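Please consider the structure shown below with attention to its charged side chains. The account that follows concerns their pairing.

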Amino acid sequence: MTETSGQPGRRERKKAATRRSIADTALRLFLERGYDGVGVREIADSADVSVSTLFKHFPGGKEALVFDEDADREAALVAAVTGRPPGRSVPEAIRAHLAASGRAGDPRFGEFQRLVQETPELREHSRRMLLRHANALARAIAEQAGRPPEDDGCAALARLALEVPAFAADRDDPSAALDRAFALLEHGWTALTSPEHPTA
């Protein structure tokens, strides 16, 4: 039967669930024993799939298992800017998107960041991914602002915005830190000196 509602069919839902299960299993094992301490076959066995099925979903291998939402995150970032409601600023749209995605408030995010920073392959992959996402986000911001695609101000905003979740994850109150950082991006120096955002 052909799906006409715009919702994914049973086969697509099953594929998405399998992919999610493999990625979740891999992350759990990586956090428990380190990236180099876990092999692809062990991940497949723990997720109850074959190695060929694992590579069918993640042709990029182990690195792709860690950054399984790469393309989706980039598309969602761009959509947060280009599809924001009238009256919402670009920094606020990005802040709302990052807050809703739950990365800064996820208790595993700090562990995930440590895993990435302590593993050279993952650290380099993460750096390339962040630059790619920042470039896509910068182009979207420039388009919305009527600026050239390579505008330095738009590029700076994109790069700084994407660094905020990692910064916030290390603070005592990640959600408050996320909000404070984006207040600074939105209002600059006045965000530090206004009564609404006290410095102490």
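With which residue does Arg20 form a salt bridge? In this predicted model, the partner of Arg20 is Glu69, and their closest N and O atoms are 2.8 Å apart. Arg20 belongs to helix H1 (residues 10–33), whereas Glu69 sits in the loop between helix H4 (62–66) and helix H5 (70–82); the pair therefore ties together parts that are 49 residues apart in sequence. With a relative accessible area of 32%, Arg20 is partly exposed. Glu69 is likewise partly exposed, its relative accessible area being 27%.

Glu69 also meets the side chain of Arg73 in a salt bridge, with an N to O distance of 2.9 Å. Arg73 has a relative accessibility of 26% and counts as partly exposed.

A further pair is found in helix H8 (residues 120–145), which holds both Glu124 and Arg127. These two residues are three positions apart, about one turn of the helix, and their side chains meet in a salt bridge of 2.9 Å, N to O. Glu124 is partly exposed at 31% relative accessibility, and Arg127 is partly exposed with a relative accessible area of 45%.

Returning to Arg20, Glu69 and Arg73, one finds that salt bridges with shared partners join these residues, together with Asp24 and Asp68, into one network. In total, the structure holds twelve salt bridges, among them the bridge between Arg20 and Glu69, the bridge between Arg73 and Glu69, and the bridge between Glu124 and Arg127.

Conventions: Residues are numbered from 1 along each chain as its sequence is written. This is a predicted model: local features need pLDDT of at least 70, side-chain atom pairs count only at pLDDT 80 or more; totals for chains, interfaces and linings use all residues. Side-chain values use heavy atoms; hydrogens and water are left out. A salt bridge is a side-chain nitrogen of Lys or Arg within 4 Å of a carboxyl oxygen of Asp or Glu. Helices (H or I, at least four residues) and strands (E, at least two) are DSSP runs, numbered from the N terminus. Buried means under 20% relative accessible area, exposed over 50%, partly exposed in between (1.4 Å probe, protein chains only).
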